Amino acid sequence: MSWFQTVVSLRARPRGFHLVTDELVGHASYLRQVRIGLWHGFIQHTSASLSINENADPSVRTDLERWTRESIPDGARYFAHDAEGDDDMPAHVKASLFGAGVLIPIRDGHLQLGTWQGIYLGEHRDLGGSRNVIVTVMGE
Amino acid sequence: MSWFQTVVSLRARPRGFHLVTDELVGHASYLRQVRIGLWHGFIQHTSASLSINENADPSVRTDLERWTRESIPDGARYFAHDAEGDDDMPAHVKASLFGAGVLIPIRDGHLQLGTWQGIYLGEHRDLGGSRNVIVTVMGE
Amino acid sequence: MSWFQTVVSLRARPRGFHLVTDELVGHASYLRQVRIGLWHGFIQHTSASLSINENADPSVRTDLERWTRESIPDGARYFAHDAEGDDDMPAHVKASLFGAGVLIPIRDGHLQLGTWQGIYLGEHRDLGGSRNVIVTVMGE
């Protein structure tokens with residue numbers, strides 16, 4: 001096995017950060033064949049993000065959203081791009097800041113996440129809908 | 001085909017965000033040979049960035065620059081590193097925040113960008129000059 | 001040679017940004033076998049980060065920490081997650097913003113970093129302790 005690719009459709013979620021590790025890699029039988037490799041998730045949207053953060057206390061997710069709303073405010077006076085509402089342009093800023101993808105090492109069939117790490121979907125729109133993630137796995 | 005690497009020199013641009021998808025991958029005949037793979041762009045500078053955002057409305061680029069100038073201000077009182085001017089240290093902050101590279105899945109000879117996604121050059125200096133990007137493609 | 005993976009334990013450092021290029025890749029004999037490839041470093045923690053920035057003037061590191069403390073303040077009124085202290089939740093924000101990993105092209109046995117680029121450890125806790133980085137190298 002060397003390369004594998006699939007598309008995962010994440011169900012619609014409210015604005016904020018959500019732990020999606022299980023949804024993205026929960027039943028990934030393809031991992032079993034990888035001794036050393038990399039797992040890549042890429043979100044095909046410009047108003048949502050993928051990043052890595054704590055998988056335990058949900059207050060990390062709510063506080064991350066609080067910082068984000070405080071620092072990239074809806075309807076800030078300097079934003080002109082608001083065709084889709086006050087949450088439109090802030091969502092784009094967050095997409096570039098948090099990033100569209102995560103790349104995680106694989107060893108002996110398992111993602112090498114730290115004990116406290118998980119994959120966060122950043123849903124940056126009020127009504128973002130479902131989100132497509134392209135999963136690519138390479139390894140030996 | 002498994003690995004390919006080249007250097008693309010992006011022409012000098014004014015400070016701000018610029019859509020460079022075509023300049024980076026517009027005539028990429030090497031992509032045709034890739035069934036499943038990844039495209040990596042890496043900018044060899046510490047005052048410019050690569051990220052992914054909307055490829056349509058140019059106001060996303062100007063608003064992203066507005067947020068950036070507002071939140072990482074030129075000549076902020078807490079910056080000591082200003083040998084090259086008031087835009088020097090803010091450019092370094094932006095380089096780490098937006099990142100030096102983007103990694104994009106490939107399928108059947110095409111980048112798997114979402115409908116509205118493109119690659120942004122963040123030019124964070126007033127007079128940044130041309131910028132080198134190392135493009136690496138791997139796949140089968 | 002196609003794949004290689006190892007774990008590097010970075011020694012404990014004070015809060016702030018630290019240049020760790022040599023510690024991560026200084027004696028990397030495995031690189032010599034790579035003609036074209038990619039080097040990936042992934043930090044297994046949610047209160048530290050890896051990013052790329054200037055390898056020369058140390059004031060870039062101290063100023064980057066100053067911006068970070070100013071913009072993601074310890075003990076901000078909107079943070080609820082403070083079980084481990086005022087630096088707890090800000091460290092999580094920084095982990096997602098700066099990112100858990102860096103991906104760097106390799107050519108003819110050498111990382112293709114620009115002249116002024118190095119790898120930064122962002123230590124975002126007051127007492128973070130040692131930090132594990134998974135290094136994965138792929139190439140031909």
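This is a predicted model: local features need pLDDT of at least 70, side-chain atom pairs count only at pLDDT 80 or more; totals for chains, interfaces and linings use all residues.
Biologist: What rotation superposes chain B on chain A, and of what kind of axis is that the relation?
Modeller: Chain B is superposed on chain A by a rotation of 120°. The shift along the axis is 0.0 Å, and the RMSD is 0.0 Å. That is therefore the relation of a three-fold axis.

Biologist: Which C-alpha of chain B is nearest the axis?
Modeller: The C-alpha in question lies 3.6 Å from the axis. It belongs to B:L97.

Biologist: How many residues of chain A are in contact with chain C, and which element gives the largest share of that side?
Modeller: Contacts count C-beta atoms within 7 Å, and by that cut-off 32 residues of chain A touch 26 residues of chain C. Elements that give two or more residues to this side of chain A include β3 (36-43), β4 (48-54) and α2 (59-71). The largest share is 9 residues, and it comes from α2(A).

Biologist: On the side of chain B that touches chain A, how many residues are nonpolar, polar and charged?
Modeller: Here 32 residues of chain B are in contact with 26 residues of chain A. α2(B) gives the most to this side of chain B, with 9 residues. By class, the residues of this side are 14 nonpolar, 11 polar and 7 charged.

Definitions and conventions. Residues are numbered from 1 along each chain as its sequence is written. Chains are lettered from A and ligands numbered from 1 in the order in which they are written. Two residues are in contact if their C-beta atoms, placed from the backbone, lie within 7 Å. Helices (H or I, at least four residues) and strands (E, at least two) are DSSP runs, numbered from the N terminus. Ala, Val, Leu, Ile, Met, Phe, Trp, Tyr, Cys and Pro count as nonpolar, Asp, Glu, Lys and Arg as charged, and the others, Gly among them, as polar. Copies are superposed by least squares on the C-alpha atoms of residues with pLDDT of at least 70 in both.
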